[in-house]
Amino acid sequence: MDYFVKIGNNLSKVSSRNIEYAKEIDKDNNNILDYNEIKDFLIKNDDLKIVNTGQGKKIIYEKRIIREFSDFLTEKSIETQNFIRDYERIIESMKELQTKYPDRVFLQTIGKTFEGRDIVVIKVSKKNDRRQDKKSLLITGLHHAREWATGEAALNVVEKLLANYDTDENIKNLLDNIDIYVIPVVNPDGYEYSLKQSRWWRKNRKVFNDSVGVDLNRNYYTEKNPELYRTKGDRPDSIFDDYGASDRPYSDTYRGPYGASEEEIKAIQDFVNSNNINTVIDLHSYGNMILFPWGITDKPTIWENIYKEVGNEMNQVAGKKYWVSQAIYLYPTTGSSEDYHQEEGRFNYTIEVGKGFFPSSQKELNQIKEEVLNMTIVFMKNLMNGKIPVSKFLVSS
Ligand SMILES: [Zn+2]
C-alpha cells in the first residue's frame with residue numbers, strides 16, 4: 001500500500017522505508033498525508049517547537065520544518081554534503097588544528113560509542129600554560145544526530161579564535177585567560193546515520209532488544225539530585241507517568257534504561273568532573289533560542305538575572321532574533337545537559353540555532369557559525385570579567 005504526502009497541489013510518494021511513519025501520521029486512513037496530519041504528528045513529537053511568548057503561543061518556522069520532514073519522507077535528496085563535514089572530516093579538521101598549533105591545541109579521546117567510534121574533545125589553551133585554576137568553557141554540539149549545523153558551529157569557534165589569535169588583541173586576551181574545550185560531535189554514531197542513511201534520526205544508535213537509540217539529552221544523571229533524571233514517583237515500566245522524557249524505547253525522547261546509561265554521556269560527565277570545566281554552551285537546533293536552566297521546573301535558578309543579562313547581550317551580537325528564556329518555557333525536560341550542569345554548579349546555556357535541522361545553503365550555515373562565534377565571544381568576555389559566576393574549581397592546582 002502506497003502513501004502520498006500532499007502539500008498544496010503536490011502529491012509525492014512516501015519512500016518504502018518510511019512507511020511506518022506514514023501509518024502513524026495518516027489518521028483518517030486515506031493514504032494521503034496532508035499538511036495538518038503532518039503538523040499534528042510533528043507537534044506531538046516536539047519536532048515543531050511552540051513557544052509561549054507572552055502574546056500567546058506561537059509555532060516557530062512551521063512551514064520550513066514541515067517541508068524538511070516531507071522531503072525526508074519522500075526521500076527528496078538535499079545537496080549539503082559538500083559543506084557539512086561528516087565525522088571523519090571533522091576529526092581530520094581537529095587533527096589539522098593540532099598540527100598547525102601544536103603548543104596550543106590538544107586532542108583527547110574521552111570515550112567510545114556503541115558502534116566503536118571515538119568521542120573526541122579539542123582543547124585550546126595558552127602556550128605552555130599548565131595552570132589548572134583557569135576558567136574554562138566547554139562547547140558541545142550534535143547531542144542530536146540531525147542537528148547538522150551544531151557540529152560545524154562548535155568547531156568553527158576554535159577554528160576562528162585560533163586564526164585570529166595573533167592579530168586580534170581581544171581574542172588573544174580571551175584565549176590567554178580561558179581554556180576552551182569543544183566536543184563538536186557528542187553523538188558520532190547518530191550523526192553518521194543521519195547524514196548517510198536516514199536524516200530525521202535524533203538519538204544515538206545503541207541497540208536494545210527491539211528498539212534502537214537513546215535521546216542523549218535526556219540521559220544525564222547526577223547523584224546530587226536523581227530526580228533531575230526521573231521525577232519522583234515515575235515508574236520506568238509505565239509511560240503514562242512520563243514527564244520531560246519518555247520511558248518508551250521507541251520514543252524520540254527515550255531517556256534510556258537508567259541515568260548516564262549511554263557511553264557518550266558517561267564520557268562527558270567523567271570528563272567534566274575530572275577536568276576543571278566550569279561553564280558550558282550546548283548547541284542544538286532549531287529555533288533561535290538562548291535557553292537557560294531549569295528545564296525541569298519553572299522555579300528560577302540562583303543565577304536567573306545573570307542568565308537573562310548575559311543572554312540578552314549575546315542576542316545583541318547575533319542579530320537580535322534569539323528568544324532568551326528559561327528552558328522549561330519551550331517544553332519540560334528531564335536528564336538534560338542544562339539541568340545536569342546547573343546542579344553541578346556550572347553556568348550554562350542551551351542555544352537552539354537556525355530555522356530548521358538541515359542548513360539549506362553554505363550561506364545559511366555560515367550565518368549560524370558567525371552568530372555562535374559572536375555569542376561565544378560575549379560569553380567568554382563575561383566569564384573573564386567575573387560577571388558569569390564560577391562556583392568552584394573541581395581540580396586543585
Ligand atoms: Zn537538540
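These legends describe close-up views of a predicted model.

**View 1. Helices α5 and α11 pack against each other.** Helix α5 covers residues 149–164. Helix α11 covers residues 362–384. Their axes lie 9 Å apart and meet at an angle of about 55°. The two helices are therefore oblique to each other. Their crossing is right-handed.

**View 2. Side by side: the residues that join α5 and α11.** From α5 come Ala149, Glu152, Ala153, Asn156, Val157 and Lys160. From α11 come Leu365, Ile368, Lys369, Val372, Leu373 and Thr376. Sorted by class, the contact of α5 with α11 has seven nonpolar residues. Two polar and three charged residues complete the set.

**View 3. The chain is assigned two domains, domain 1 and domain 2.** Domain 1 spans 4–73. Domain 2 is given as 87–194 + 260–384. Taken over C-alpha atoms, the centres of domain 1 and domain 2 are 30 Å apart. The contact between the domains takes nine residues from domain 1 and ten residues from domain 2.

**View 4. The side of domain 1 that touches domain 2.** Which elements give two or more residues to this side? They are β4 (50–52) and α3 (62–73). Helix α3 gives the most, with three residues. By class, this side of domain 1 has four nonpolar, one polar and four charged residues.

Technical notes. Residues are numbered from 1 along each chain as its sequence is written. This is a predicted model: local features need pLDDT of at least 70, side-chain atom pairs count only at pLDDT 80 or more; totals for chains, interfaces and linings use all residues. Axes are lines fitted to C-alpha atoms, for helices over the stretch in contact, and angles run from 0 to 180 degrees between N-to-C directions. Helices (H or I, at least four residues) and strands (E, at least two) are DSSP runs, numbered from the N terminus. Angles under 35 degrees count as roughly parallel, over 145 as roughly antiparallel, 65 to 115 as roughly perpendicular and the rest as oblique. A crossing is left-handed if the near helix is turned anticlockwise from the far one by less than a right angle, and right-handed if clockwise. Two residues are in contact if their C-beta atoms, placed from the backbone, lie within 7 Å. Ala, Val, Leu, Ile, Met, Phe, Trp, Tyr, Cys and Pro count as nonpolar, Asp, Glu, Lys and Arg as charged, and the others, Gly among them, as polar. Domain bounds come from an automatic or database domain assignment.
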